[in-house]
Amino acid sequence: MRPRSLTLTAAAGAALLATALLPSNASGLARGSGADADRPAAAQEGSVSAAALLAKVTSCSQISSGKYRTDEETSATVPVCGKNGAVFWKADMDVDCDGQRTSKCSEATDPWYQDDTAFHQSDGRPLRADTLPYVVVPSSSSLWNYGSAGIKGGGVVAVIYQNKVEYAVVGDTGPTKIIGEASYATAKALGIDPDPENGGTDSGVTYILFKNSKVSPIESHSAAVSLGDRLAQAFLRDN
């Protein structure tokens, strides 16, 4: 998780106001192949709207044994909630830049940079945070065990922010008591400042993780969008 000062929080708030004035455009299901082709744009993905998904997560049936903090300095206020076919939480978004070293994600850009991710590409290499939308889940603990809840590496996540839907995969694990983190590419696609040190947003992000799903290969964003759209439709039908 990325700590923020009050100054940075105020700056992020100003950025959110500016972002709220920008229009969003619908995108297609497929993006082609390769890192550049799979690079997400700041637009809704798939056929299911943010409003439709959010309407299904207005109340929480808590499945975690307690609640998570969004940052080291905050109190524990975020539960993990259960639905038919999915789990979800509503939190902030800190920016994860771990994995493959690039011009955007490295020791030079991220004070907390680590050159590995919990889950790897089909070629065995760590994930690439600046091109692959992925979400960080809390490491398993007595508070909540993501694996026991049917969540696995490569599982599909619908990430919702300001009426935009971005499909991502479960790509990394984080602290056992903190929640609300996603890759550089996820933040950028949603119009959130992707800077790993000073970016992110302090609230307003909903993460819907679809149980027993798995994108193959994990690094194919177009596969995540295609599978995510089908699972989102089923989620609306079953809840």
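Predicted model: local features only at pLDDT ≥ 70, side-chain atom pairs only at ≥ 80, totals over all residues.
Student: Which salt bridge do the side chains of Arg128 and Asp130 form, and what is the N to O distance?

Tutor: Arg128 and Asp130 meet through their side chains in a salt bridge, at 2.7 Å from N to O. The term salt bridge stands for a side-chain nitrogen of Lys or Arg within 4 Å of a carboxyl oxygen of Asp or Glu. Residues are numbered from 1 along each chain as its sequence is written, and side-chain values use heavy atoms, with hydrogens and water left out.

Student: Thanks! Is Asp130 buried or exposed?

Tutor: Asp130 counts as buried, at 4% relative accessibility. The cut-offs are under 20% relative accessible area for buried, over 50% for exposed, and partly exposed in between (1.4 Å probe, protein chains only).

Student: How many salt bridges are there by this rule?

Tutor: The count is four. Among them, Glu72 pairs with Arg69, with the closest N and O atoms 3.8 Å apart. Glu72 is exposed at 53%, and Arg69 is partly exposed at 23%. Another one joins Arg237 to Asp238, where the closest N and O atoms are 3.6 Å apart. Arg237 is exposed at 61%, whereas Asp238 is partly exposed at 40%.

Student: Switching to rings: how many aromatic pairs does the structure hold?

Tutor: It holds three aromatic pairs. In one of them, Trp89 and Tyr207 are tilted, 5.9 Å centre to centre with 35 degrees between the planes. For rings of Phe, Tyr and Trp (its six-membered ring), a pair needs centres within 6.5 Å; planes under 30 degrees apart are stacked, over 60 edge-to-face, and the rest tilted.

Student: Where do Trp89 and Tyr207 sit in the chain?

Tutor: Trp89 is in strand β2 (residues 86–96) and Tyr207 in strand β7 (residues 201–210), so this pair links distant parts of the chain, 118 residues apart. Helices (H or I, at least four residues) and strands (E, at least two) are DSSP runs, numbered from the N terminus. Both Trp89 and Tyr207 are buried.

Student: And why is the Phe210 and Phe235 pair called edge-to-face or stacked?

Tutor: Edge-to-face, because the planes are at 75 degrees, with the ring centres 6.0 Å apart. Phe210 lies in strand β7 and Phe235 in helix α4 (residues 221–238), so the pair ties together parts 25 residues apart in sequence. Phe210 is buried at 3%, and Phe235 is buried at 3%.

Student: Which residues form the aromatic cluster?

Tutor: Trp89, Trp144 and Tyr207 form one cluster.
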